[in-house]
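Hi everyone, thanks for coming along. Please have a look at the structure on the screen, and I'll walk you through a few parts of it.

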There are 2 protein chains.
Amino acid sequence: MSTDPPTGSTPTPVRREGGRSARVREAVHRAVAELIAEQGPEHLTMPAVAARAGVNPTTVYRRWGDLHRLLDDVAGVRLRPDDPAPDTGSLRQDLLLWAEQTRTTITTPEVLALLRASVGRAATTPGPSPRMAAREQQLTAVLAGAERRGEPCPTPQQAMDHLLAPLYFRVILGLGPVTADYARTLVEDLLRNYAR
Amino acid sequence: MSTDPPTGSTPTPVRREGGRSARVREAVHRAVAELIAEQGPEHLTMPAVAARAGVNPTTVYRRWGDLHRLLDDVAGVRLRPDDPAPDTGSLRQDLLLWAEQTRTTITTPEVLALLRASVGRAATTPGPSPRMAAREQQLTAVLAGAERRGEPCPTPQQAMDHLLAPLYFRVILGLGPVTADYARTLVEDLLRNYAR
């Protein structure tokens, strides 16, 4: 019944983003976002995305290969954080804001589905997702600011290990609700244990 | 060129594990393990697995749908930890042994690829992988033993957040080498910060 889906090629080669190719990509990306928001990520399929985007399914398979590659492409383009790194002049306030912004963003169904897909994609392409790397850079910027002001602060690795990692880990693996209190506790523990 | 690969159905329905079906599954699982060990997970494809297993590619696509579902099935069957939870009579020793066993296991290419695939699979089926859950149970058992002996110890959530989460997070995302020293530091920090 089925023949081999395309494998092994880069799903989105560098090309001029104009004309039909760019319009298809935008329509498909928007369809992914809409379907995840409406039905949850577990019902997303390539044929449903193609139907919503008004594109032939064969086009979607040929360009993206499978759902994980498609989600990864969407994550790279649509989900870079557009909130700047907090810069209140206080490390505690900056970290609390960063943690809450991050928590709120990564627990929305669309972003969560894209994050999980990016991690799964690392099965064939190791390395963090663009989105994850951007959040890490924000955290590093917050710490660098505190260090310039002479505040005691954890190292970037300690902040990654004891704030970013548990936050993302719980969310990505679906290990129960990730509340504002939980995020706050991670920040307070990080400061108590490492910023002294 | 390509038609829709099968989607939406459970890749491995409950069935009697006898006869041809069981032999195909075993051959395909073994092929996945061998190919990952020989070539690295990034070169794994469904056609290559089928060829190594001596099975028609159509059979593999029909039964597992895509590479992520196949890897998830392999993870569930082949990779439950067979090392028992450490029980030395000392929380520190138990945690150091657990961390090093876990680190050694999850950094092998085959296990790592399967872990990543399991997380990616959560894009459509939330919840931790069987393998992850088993490691969590080991950690909980270690803490329960220490509590029975009256040793000061962290809560299971603190151990998950500050030992298991950073260890898995760094490995799964490929954020640089995860050394024995790194695992040991996580254990010592956990005890210093939370077991008192």
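Let me start with how helices are compared: axes are lines fitted to C-alpha atoms, for helices over the stretch in contact, and angles run from 0 to 180 degrees between N-to-C directions. Helices themselves (H or I, at least four residues) and strands (E, at least two) are DSSP runs, numbered from the N terminus.

A word on the model. It is a predicted one, where local features need pLDDT of at least 70 and side-chain atom pairs count only at pLDDT 80 or more, while totals for chains, interfaces and linings use all residues. Residues are numbered from 1 along each chain as its sequence is written, chains are lettered from A and ligands numbered from 1 in the order in which they are written, and side-chain values use heavy atoms, with hydrogens and water left out.

So, to our first pair. Helix 1 (residues 19-39) of chain B packs against helix 2 (residues 46-53) of chain B at an angle of about 115°, and their axes are 8 Å apart. That is why the two count as roughly perpendicular; the classes are roughly parallel under 35 degrees, roughly antiparallel over 145, roughly perpendicular from 65 to 115, and oblique for the rest.

Now to chain A. It has 9 helices and 0 strands. Of its 196 residues, 53% count as buried (buried is under 20% relative accessible area, exposed over 50%, partly exposed in between, with a 1.4 Å probe and protein chains only).

Where does His29(A) sit? It is in helix 1 (residues 19-39) of chain A, and at 2% relative accessibility His29(A) is buried. His29(A) and Val74(A) are 45 residues apart in sequence, yet their C-alpha atoms are 5.8 Å apart in space.

Next, a stretch with a label. In an unreviewed UniProt entry, residues 45-64 of chain A are annotated as "DNA-binding region"; UniProt positions are given in the numbering used here, feature names are shortened, and annotations may be inferred rather than shown by experiment. In the model, residues 45-64 of chain A are 80% helix and 0% strand, with end C-alpha atoms 12 Å apart. Helix 2 (residues 46-53) and helix 3 (residues 57-64) of chain A pack at about 120°, with axes 8 Å apart, and are therefore oblique to each other. Their contact (heavy atoms within 4.5 Å) involves Met46(A), Pro47(A) and Ala50(A) from helix 2 of chain A and Pro57(A), Val60(A) and Tyr61(A) from helix 3 of chain A.

Finally, helix 8 (residues 156-173) of chain B. It has a kink of about 40° at Ala165(B), shortly before the proline Pro166(B); the bend at a residue is the angle between axes fitted to the seven residues ending there and the seven starting there. Because 15 of its 18 residues are buried, helix 8 of chain B is largely enclosed by the rest of the structure. After helix 8 of chain B comes Gly174(B), with a positive phi near 65°.

Which residues of helix 9 of chain A meet helix 8 of chain B? Tyr182(A), Leu186(A) and Asp189(A) do, against Gln157(B), Asp161(B) and His162(B). Helix 9 of chain A and helix 8 of chain B pack at about 70°, with axes 13 Å apart.
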